Number of protein chains: 2
Amino acid sequence: MAVLVLGHMNPDTDSIISAIAVADALNKRGIEAKAVAQGEVTPESAFVLEKFGLTAPEVVTSVAGQKVWLVDTSDKAQLPADIDEAEICGVIDHHKLGDITTSNPLEMWVWPVGCSCTAIKGFYDHYGLEIPAGIAGGMLCAILSDTVMFKSVTCTDADKVAVEALAKLSNVSDTTALGMEMFKVKSAVDGATMEELVFRDYKDFDMNGNKVGIGQLEVVDLSLLDAVKSGLKEEIAKVKADGRHSVFLLLTDIMKEGSEMLICSDDASVVEKAFGVAGDESVWLDGVMSRKKQVVPNFEKAFK
Amino acid sequence: MAVLVLGHMNPDTDSIISAIAVADALNKRGIEAKAVAQGEVTPESAFVLEKFGLTAPEVVTSVAGQKVWLVDTSDKAQLPADIDEAEICGVIDHHKLGDITTSNPLEMWVWPVGCSCTAIKGFYDHYGLEIPAGIAGGMLCAILSDTVMFKSVTCTDADKVAVEALAKLSNVSDTTALGMEMFKVKSAVDGATMEELVFRDYKDFDMNGNKVGIGQLEVVDLSLLDAVKSGLKEEIAKVKADGRHSVFLLLTDIMKEGSEMLICSDDASVVEKAFGVAGDESVWLDGVMSRKKQVVPNFEKAFK
């Protein structure tokens, strides 16, 4: 029975490509493995998969009785409901440590870097395994996406070194041009429903007993979202009504390097506690581009 | 403020040497770090420290407000009571994943190998850092101790490869002789109180809401324990009376490659559920030498 390699809910490009890459590396180590995902891929990921000739992972919603490797998360809230009935054999991640536990020793590669694929580059290297050109191209795009083309505060030297090596392996001569092409795909909102936009990159967190949802849309220019902003506000109100204390949606302008955060909360004072800026429906957070490193830790303190 | 590098309660040689080694590696990476421990060292560890000119880490009982790296554990039950008030920046371990969580991204090196020092060898190598001869000797002994000189089921090829490299770095020509010398020190029970013997290598676990203590004494010949066995039974009864469902003490014969397990439990049927062998006060478990890989997982299933 193949080990399932699985990322978080609402998979982003890092989650999708990490699953594909780790499954490849495990197979090369003699461990039969298969990339899966908890949902359909985003337009950005579809662009990356097509560009490098990769196949979208099969969608799974249950992992009971399976052996699994987790990529890009260690939080139960971001995993299938029956994750406790699976055996977690490995984790490769770059986030805070979540609430999964195991009964058996496991393998974990968790680095405080901008992207799980940077740790996966180290994983391939440690075992002396070759990264196929297509997977290297996908990993390169995942790092450019997660680090917002090196602009995010989460970006580290290790990410830049990995991109340089992966560009060679995938024969990409101009990583900036590739990144801009990818972010233009990511910025497109035409044809998407409000629900699709809110959940394109969305995660639920347990903050001191409160269920808090945080989504993020990254665009090359915030004005691209003018036409949909009121619809997004209505949509996050619906999501909040489904048993959540708060839902926040970050509209991140990767060129201006900041985020407008749409707010729907039982107690909007947590926003001022977290960021020192008050607002009922929305606030501008200058320099804030990273949910993981800038938004989640501040909210976790504010909810304490 | 130096980062504290800290292993589990009742520190064994792996916990002590791992703290010393990781502090050394972090300092070489430019992160000011200091090895500490949650208790005095065992006679085995004292032998290793003296043999290789190393100093026992300072004992700490509180880590509130500190930055910490954890070695050889990720379980809150094995950490200071105020661990939630510390910032966990890194973990190097070879056990199952415990219940610590973090608010920030961190660095984790967790490998399913016989000893944390094997993962630490990989950590030094990844960053291109030199391992001083004394620390290499300590790491070598930690691996020989944790893998019971390669006889434990937890021992992997990676442990053997690490021992070979560490022997060269520490100028140890006969690792078997060194291991036997160390295990003879570990086998000595003369002069130790019953309490010292029970807690020499002891850990508490939360098993489905039940507090379960499991200790282990490894000797080169079980007959060395004949004189103290009744005293040990009385001692684990005292430990159990302090709010525990069960206390088990493994008396491991490293030459016969099995363990006599002393039992004190509210419900000794968990032993039969776990191992298929019934006994009220003690059972012989042939081939069982590893608490981590053979005893804990079986009890966790039995308590479910």
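1. Within chain B, V71(B) has I92(B) as its bridge partner in β5(B), and these residues belong to a parallel pairing over five bridges between strand β4 (residues 67-71) of chain B and strand β5 (residues 87-93) of chain B. Strands here are DSSP runs of E of at least two residues, and helices are runs of H or I of at least four residues, both numbered from the N terminus; two strands pair if DSSP finds at least two bridges between them.

2. On conventions, this is a predicted model, in which local features need pLDDT of at least 70 and side-chain atom pairs count only at pLDDT 80 or more, while totals for chains, interfaces and linings use all residues. Residues are numbered from 1 along each chain as its sequence is written, chains are lettered from A and ligands numbered from 1 in the order in which they are written, and side-chain values use heavy atoms, with hydrogens and water left out.

3. The sheet is open and mixed, with twelve strands in the order β3(A)-β2(A)-β1(A)-β4(A)-β5(A)-β6(A)-β6(B)-β5(B)-β4(B)-β1(B)-β2(B)-β3(B). Its edges are β3 (58-59) of chain A and β3 (58-59) of chain B, each of which pairs on one side only.

4. Between the chains, strand β6 (residues 107-110) of chain A pairs with β6(B) in the antiparallel sense over three bridges, and W109(A) has W109(B) as its bridge partner.

5. Chain B can be laid on chain A with an RMSD of 0.0 Å by a turn of 180° and a shift of 0.0 Å along the axis, where the superposition is by least squares on the C-alpha atoms of residues with pLDDT of at least 70 in both copies. The two copies are thus related as by a two-fold rotation axis; in chain B, the C-alpha nearest that axis belongs to W109(B), at 2.8 Å.

6. The contact (heavy atoms within 4.5 Å) takes 23 residues from chain B and 23 residues from chain A. Because 100% of the interface residues of chain B are also interface residues in chain A, the copies meet through the same surface.

7. The area buried between the chains is about 2200 Å², of which carbon and sulfur atoms give 63%; buried area is the accessible area (1.4 Å probe) that two parts lose on being put together, summed over both. In chain B, the residues losing the most area to chain A are L97(B), P105(B) and M108(B), together 28% of what that side buries.
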